[in-house]
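The sequence and the structure are shown first.

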Amino acid sequence: MNKSVGYALLAGLAAVVVLISTAIFVGFGGDDGGLGTPRKPRDPAKPAVSGQWVGTWAASAAAAEPGTLDGYAGMSIRNVVHTSVGGSSARIQLSNLYGTRPLPVSHASLALAATPSNPTAAAGTMRRLTFGGRPAVSIPAGGAVTSDPVRLDVPHDADLLVTTYSPSPSGPATYHPYARQTSYLARGDRTEDATGAAYTEQSPYWRYLTGVDVWSTEARGTVVAIGDSITDGITSTAGANHRWTDFLAARLRNEPGAPRYGVLNQGISGNRLLVNGSRFSPNNGPSVLSRLERDALSRTDVKAVVVEIGLNDLFKSPRQLDPKKIVAGMRQIVRQAHQQGLRVTGSTLTPFGGHRGYSNLLNSVREQVNRIIRSGTVYDEVVDFDKVLRDPAAPVRLRPVYDSGDHLHPSDEGYRAMANALDLDHLKRSAPASL
């Protein structure tokens, strides 16, 4: 062998080594932390392009559903939920927070709805879900679980079908009672039925499901809204996705310069800032202070928190009529968020003149709380929902076009006005302010 041939062979071998090394590096995603640092194995459902997990939908676990001491043994529950942002993969969270026994889920699936609010899956979108690589999971009483991710092109502003099947009794069902969305039930294991024919029973609740994340190359984080029935959207048109958080999600998707965030609605109707729901009103859920970490601060890639809370602390027994104590609770929210580097946008308390619970005393407390909030000493940023919704001719009342009719909760147009009142630039700021 002459020298020129030898050099050619050596050069060829060197090129092969470089190609193999490059392939290995790419195969591990290029996320090596340096010499001696083990590379993270690639998530099999993670797309090759750069992206991140963000929250696209959520609902707070509010209570144990009445009359479900044995859960939903032998039934398939098909929850219909609406996305705020899309992605190329998805995963779900299930909760047994109010269960008294382990919740067996032997079969679960995810699909895109063929049409809005319909239990039929779009062709080719049905995906079986696994948990730690297994098709079944047992969720302990009080516990929660996240599924493995599945590849699925999830559009923004679309309905998903999340179906679970429990083969045996499991104790009370953890649920969210005021979904403003129709979901479905079927007898037997119909989890991967693409057709909705077996889903003959309709339901206004979400059961067990508390979150959906997507792998997105466009969204850059998640904003969480936490509050009471006004955030829950209890008077919004059912199935229309007209809560104020839905209108906010549309702004974040469409407005130039807006931060591209998913939006999670963690409102619970009847919820309070300071006091947990009682046995007489269990659906009111745990207080915002007691659920803040679980429902807001620990959510997937949360970037900002918006808080709307306080009116029920005035209405419900035991009433809190000391503005300083209400404001102190709000400041505690901010302190907890600051510990995780998050800023908080907080709202003023909205008008309720004409509502059956109205009194001059309660309105006086509301206005005192609002004055302190507007002073800038409570939240990092203030969104003045009171100013936006009130009737200029009668400031203690909602503007008629924004009134759902009960003189407390907004109409669809009122919810739209609330979303439009938020300064989107405030949601971009990551460093907490000093208050």
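The sections below treat strands, nonpolar cores and a pair of helices in turn.

## Basis of the report

The structure is a predicted model.

Strands of a sheet pair through backbone hydrogen bonds, in either a parallel or an antiparallel sense. Here, three strands form an open sheet with antiparallel pairing, in the order S2-S12-S15. Strand S2 (63–64) and strand S15 (206–207) are at the edges and have a single partner strand each, so one side of each lacks a neighbour in the sheet.

The antiparallel pairing of S2 with strand S12 (residues 174–176) extends over two bridges. Ala-64 has Thr-174 of S12 as its bridge partner.

## Strand S4 and its partners

Strand S4 (residues 87–95) is largely enclosed by the rest of the structure, because eight of its nine residues are buried. S4 pairs with strand S16 (residues 209–216) in the antiparallel sense over six bridges, and in this pairing Ile-92 stands opposite Val-212 of S16.

Strand S10 (residues 150–154) is also an antiparallel partner of S4, with three bridges; Gly-87 has Val-154 of S10 as its bridge partner. Strand S9 (residues 144–146) runs antiparallel to S4 and is joined to it by three bridges. Within S9, Val-145 is the bridge partner of Leu-94.

In soluble globular proteins, nonpolar side chains tend to be buried together. The largest nonpolar core in this model has 59 residues, of which Leu-252 and Met-330 touch the most other members. Helix H6 (residues 323–338) supplies the largest share of this core, namely six residues.

Leaving aside residues up to four places away in sequence, Leu-252 touches Val-223, Ala-258, Pro-259, Arg-260, Tyr-261, Val-263, Leu-424 and Leu-427. A second, separate core has 37 residues, among them Leu-112, Val-154, Leu-160 and Leu-209.

## The packing of helices H6 and H7

Two packed helices are described by the angle and the distance between their axes. The axes of H6 and helix H7 (residues 360–374) cross at roughly 45° and come within 9 Å. The two helices, H6 and H7, are therefore oblique to each other, and H6 passes H7 in a right-handed crossing.

On the H6 side, the contact is made by Pro-323, Ile-326, Val-327, Met-330 and Arg-331. On the H7 side, Val-365, Gln-368, Val-369, Ile-372 and Ile-373 make the contact.

Notes: Residues numbered from 1 in each chain as written. Predicted model: local features only at pLDDT ≥ 70, side-chain atom pairs only at ≥ 80, totals over all residues. Heavy atoms only, no water. Pairing = 2+ DSSP bridges. Helix = DSSP H or I, 4+ residues; strand = E, 2+ residues; numbered from the N terminus. Core = buried A, V, L, I, M, F, W, Y, C linked by side-chain atoms within 4.5 Å. Buried < 20%, exposed > 50% of the residue type's maximum accessible area, 1.4 Å probe, protein only. Contact = heavy atoms within 4.5 Å. Axes fitted to C-alpha atoms, helices over the stretch in contact; angles between N-to-C directions. Parallel < 35°, antiparallel > 145°, perpendicular 65-115°, else oblique. Left-handed = near helix turned anticlockwise from the far one by under 90°.
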